[in-house]
Amino acid sequence: SLKLTDTSGGSVVTPVDITVTNSASSVGIEIPAGTQITSNNIDWDGTIMSPALLPDLVSAQISGSEQAAEIGLAVKVGNHSSSLNFSHPVKVVIPNRANTLAGFIDNDGLLHSISTPCEVDYNSTFINNEISYCFLNDGDDLVIWTLHFSVFASYAIAAISQDPPTFSNPTTPTPQASDVQLSSS
């Protein structure tokens, strides 16, 4: 973890560019110098946890949809007890997940798609689209630019498993034994 000093009222300004990487997984974050970080907790002490993989998170319901997501890789970034917001976009690198879908998972466990691709100047993407997230592929990695920390994920749409369809014709009733009449000749 990283602890920033001079935190006051749940807010601090980064003095330099900061890079934090989980050495076991290569998941990383980059916070630009001069970024004001604010927390919903006025007692936040400036601690930012290293990115943590969530290997048990394998699926999530997609917000506003009946579909489910198969999680390729989920990572929690930030602080375990406080939400963190940024005045400038922060980079989250999810290794070896290029060309997958990107999303974040809210406190209710719903996955929200990050569908806006980042322009070359990612800052203009945020300004022009009035958004909080964008994504891009960088070599083999999936990169998410964000204005707040959360659980971020690479994912695919889960296949829908259904029983084979059964067909019936509602206008032609199936004959029952009591409907059969015998005739003699």
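User: Before we start, what are the ground rules for the numbering and the values?

Analyst: Residues are numbered from 1 along each chain as its sequence is written, and side-chain values use heavy atoms, with hydrogens and water left out. As the model is predicted, local features need pLDDT of at least 70 and side-chain atom pairs count only at pLDDT 80 or more, while totals for chains, interfaces and linings use all residues.

User: Why is serine 154 called buried?

Analyst: Buried means under 20% relative accessible area, exposed over 50%, and partly exposed in between (1.4 Å probe, protein chains only). Serine 154 has 1% relative accessibility, so serine 154 counts as buried. This serine is found in strand 14, residues 151–157; strands here are DSSP runs (E, at least two residues), numbered from the N terminus.

User: What does serine 154 touch?

Analyst: Not counting residues up to four places away in sequence, serine 154 touches Glu70, Ile71, Gly72, Leu73, Ile94, Arg97, Thr100, Leu101 and Leu142. A contact is a pair with heavy atoms within 4.5 Å.

User: Why is threonine 35 buried and threonine 7 partly exposed?

Analyst: Threonine 35 has a relative accessible area of 0%, so it is buried. Threonine 7 has 25% relative accessibility and therefore counts as partly exposed. Threonine 35 is found in the loop between strand 4 (28–31) and strand 5 (36–39), whereas threonine 7 is found in the loop between strand 1 (2–3) and strand 2 (11–13).

User: How do you know that the side chain of threonine 7 reaches the backbone oxygen of leucine 4?

Analyst: The separation is 3.3 Å. For a polar contact, a pair of N or O atoms must lie within 3.5 Å; within protein, one must be able to donate a hydrogen and the other to accept it, and residues adjacent in sequence count only if both atoms are side-chain atoms. Beyond its neighbours within four places in sequence, threonine 7 is in contact with Val12, Trp44, Asp45 and Gly46.

User: Which residues of the largest pocket's lining lie nearest its centre?

Analyst: Lys76, Ser83, Asn107, Phe149 and Ser150 lie nearest the centre, out of 17 lining residues. A pocket is an open set of points on a 1 Å grid over the protein atoms alone, where a 1.4 Å probe fits, with protein on both sides within 12 Å along at least five of seven lines; lining residues have an atom within 4 Å of a point. Strand 8 gives the largest share of the lining, three residues.

Conventions:
Helix = DSSP H or I, 4+ residues; strand = E, 2+ residues; numbered from the N terminus.
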